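Q: Before we look at any particular feature, could you show me the model and then take me through how each kind of description should be read?

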Amino acid sequence: KLGNATAKAELGRAAWKVLHTTFARFPEKPTKDESEALRSFVHLFQRLYPCGECAEHFGKVLEKYPPQVSSRSAAATWGCYVHNIVNKRLHKPEFDCSKIGDAYDCGCADDEENKAK
Ligand code: FAD
């Protein structure tokens, strides 16, 4: 358990950024293997998350709302939904999940196309 609230918040911001960006870049039409990889990633992420209190609570969230891995939009919408559950618990404002589409750009879009530029 991280004792320092600032460190815990920084870890959380970084973690959510990685999660939401991963969902935003997940294939629109994933293979079975890609869907299973995302499901495993989310469960292992929860299991290994360094803030013990956070991991424990997030485990309960995952039991109730298992990761949605059938498409990019399903994953992104699910990610937004579960982050809002955590927001609510921490008395933070709810995020408008209709805006999730534009919110997470990794700067790595069109890697292939940009090679020539
Ligand atoms: P954050 O919640 O970190 O969000 C960062 C940014 O993401 C926001 O500024 C906003 O732009 C955007 N955002 C907000 N909501 C959403 C959403 N629903 N969908 C998409 N984008 C959004 N901290 C604790 O103290 N106790 C806990 O039990 C706890 N559990 C956590 C569990 C997990 C799995 C994670 C990843 C973090 C957890 N945290 C917990 C940390 C906490 O969620 C915050 O990350 C931290 O408090 C910093 O909050 P913040 O206000 O900077 O914004």
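A: Let us begin with burial: a residue is buried if 20 or more other C-beta atoms lie within 10 Å of its own, exposed if 12 or fewer, and partly exposed in between, with the C-beta atoms placed from the backbone. This is a predicted model, in which local features need pLDDT of at least 70 and side-chain atom pairs count only at pLDDT 80 or more, while totals for chains, interfaces and linings use all residues. Residues are numbered from 1 along each chain as its sequence is written.

Q: Is H91 buried or exposed, and why?

A: H91 counts as exposed because it has 6 C-beta neighbours inside 10 Å. H91 also has a positive phi of about 60°, although it is not a glycine, and H91 lies in the loop between α4 and α5.

Q: Why does E36 count as exposed?

A: E36 counts as exposed because 12 C-beta neighbours lie inside 10 Å. Its place is in helix α2, and from C-alpha to C-alpha E36 is 29 Å in space from E94, the two being 58 residues apart in sequence.

Q: How many helices and strands are there in the chain?

A: Helices (H or I, at least four residues) and strands (E, at least two) are DSSP runs, numbered from the N terminus. The chain has five helices and zero strands, so that its pattern, read along the sequence, is α-α-α-α-α.

Q: Which residues form the largest nonpolar core?

A: A nonpolar core is a set of buried Ala, Val, Leu, Ile, Met, Phe, Trp, Tyr and Cys residues joined through C-beta atoms within 7 Å. Here the largest one has nine residues, namely F23, A24, F26, L38, V42, V69, A75, A76 and C80. At least two residues of this core come from each of α1, α2 (32-48) and α4, with α4 supplying the largest share, three residues. Of the 117 residues in the chain, 13% are buried.

Q: Which residues come nearest to the ligand?

A: A residue is near a molecule if its C-beta atom, placed from the backbone, lies within 6 Å of it. There are 22 residues around the ligand, of which G12, A15, C54, H83 and F95 come nearest. The helices α1 (5-25), α3 (52-64), α4 (72-89) and α5 (100-103) each supply at least two residues of this shell, and α1 gives the most, with seven residues.
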